[in-house]
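Dear colleague,

Please find below the structure that I am passing on to you, together with its sequence.

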Amino acid sequence: MLHHISLGVRDLQAAGAFYDATLGALGYRRVFDGEASIGYGLVDGQDMLLLNLCADAATPGAGFHLAFAAPSRASVDAFHHNGLEAGGRDNGAPGLRPDYGDGYYAAFLVDPDGHRVEAVINRSVV
């Protein structure tokens, strides 16, 4: 359904460091690197998340967040740990979320620009 999502960021270097750390833990990487944008995904030139430098960037309202697919519970843990080390704020420690399902294991962060992000694996056997 979606080709990519773009987020406006006020500090591209800080945002890049945060997403390098968090998305790297999930197996994603920089696939595009420009003066005013950084793209993340799996294949060079095919970004699924694009960060765009924008001096007046504003975050969406509290009901919006991005959830990234994680390959394992350990990668969710690393996403959270790495994100805190790279300037993110805790918005929910790694753990099971039984309200979302029996195998829903997730962690939540707020990035340096205020975007709410999540890493999740949703399966019972890991």
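What follows is an account of the sheets, the salt bridges and the pocket.

Please bear in mind that this is a predicted model, in which local features need pLDDT of at least 70 and side-chain atom pairs count only at pLDDT 80 or more, while totals for chains, interfaces and linings use all residues. Residues are numbered from 1 along each chain as its sequence is written, and side-chain values use heavy atoms, with hydrogens and water left out.

**The sheets**

Helices (H or I, at least four residues) and strands (E, at least two) are taken as DSSP runs and numbered from the N terminus, and two strands are said to pair if DSSP finds at least two bridges between them.

Strand 3 and strand 4, by contrast, pair in the antiparallel sense over 6 bridges, and they form a hairpin with 2 residues between them, where G45 in the turn has a positive phi of about 80°. Along this pairing, G39 stands opposite L50 in strand 4, and I38, which has its place in strand 3, has L51 in strand 4 as its bridge partner. I38 counts as buried at 3% relative accessibility, where buried means under 20% relative accessible area, exposed over 50%, and partly exposed in between (1.4 Å probe, protein chains only). The C-alpha atom of I38 is separated by 9.1 Å from that of A15, the two residues being 23 residues apart along the chain.

Another open sheet of 4 strands has the order 5-8-7-6, again with mixed pairing. Strand 5 and strand 6 (89-96) stand at its edges with a single partner strand each, so one side of each is left without a neighbour in the sheet. The twist here averages 20° from one strand to the next. Strand 5 and strand 8 pair in the parallel sense over 4 bridges, and A69 stands opposite V120 in strand 8.

**The salt bridges**

The structure holds 4 salt bridges, a salt bridge being a side-chain nitrogen of Lys or Arg within 4 Å of a carboxyl oxygen of Asp or Glu. One of them joins the side chains of R10 and D113 (3.7 Å, N to O). R10 lies in the loop between strand 1 (5-9) and helix 1 (12-25), and D113 in the loop between strand 7 (104-110) and strand 8 (116-122), so the pair ties together parts that are 103 residues apart in sequence. R10 is partly exposed at 42% relative accessibility, whereas D113 is buried at 7%.

The side chains of R29 and D44 also meet in a salt bridge (2.7 Å, N to O). Here R29 lies in strand 2 (residues 29-33) and D44 in the loop between strand 3 and strand 4, so the pair ties together parts that are 15 residues apart in sequence. R29 counts as partly exposed at 37% relative accessibility, while D44 is exposed, with a relative accessible area of 54%.

D33 forms a salt bridge with R30, their closest N and O atoms being 3.0 Å apart. D33 is exposed, at 53% relative accessible area, and R30 is partly exposed, at 29%. Salt bridges that share partners join D20, R30 and D33 into one network.

**The largest pocket**

The largest pocket is lined by 14 residues, of which I5, M48, L49, A67 and F68 lie nearest its centre. The elements that give two or more residues to this lining are strand 3 (37-43), strand 4 (46-53) and strand 5 (66-69), and strand 5 gives the most, with 4 residues. A pocket, in the sense used here, is found on a 1 Å grid over the protein atoms alone as an open set of points where a 1.4 Å probe fits, with protein on both sides within 12 Å along at least five of seven lines, and lining residues have an atom within 4 Å of a point. The volume of the largest pocket is about 280 Å³, a volume being the space filled by probe spheres set on the points, which are joined across faces, edges and corners.

With best regards

Key: Axes are lines fitted to C-alpha atoms, for helices over the stretch in contact, and angles run from 0 to 180 degrees between N-to-C directions.
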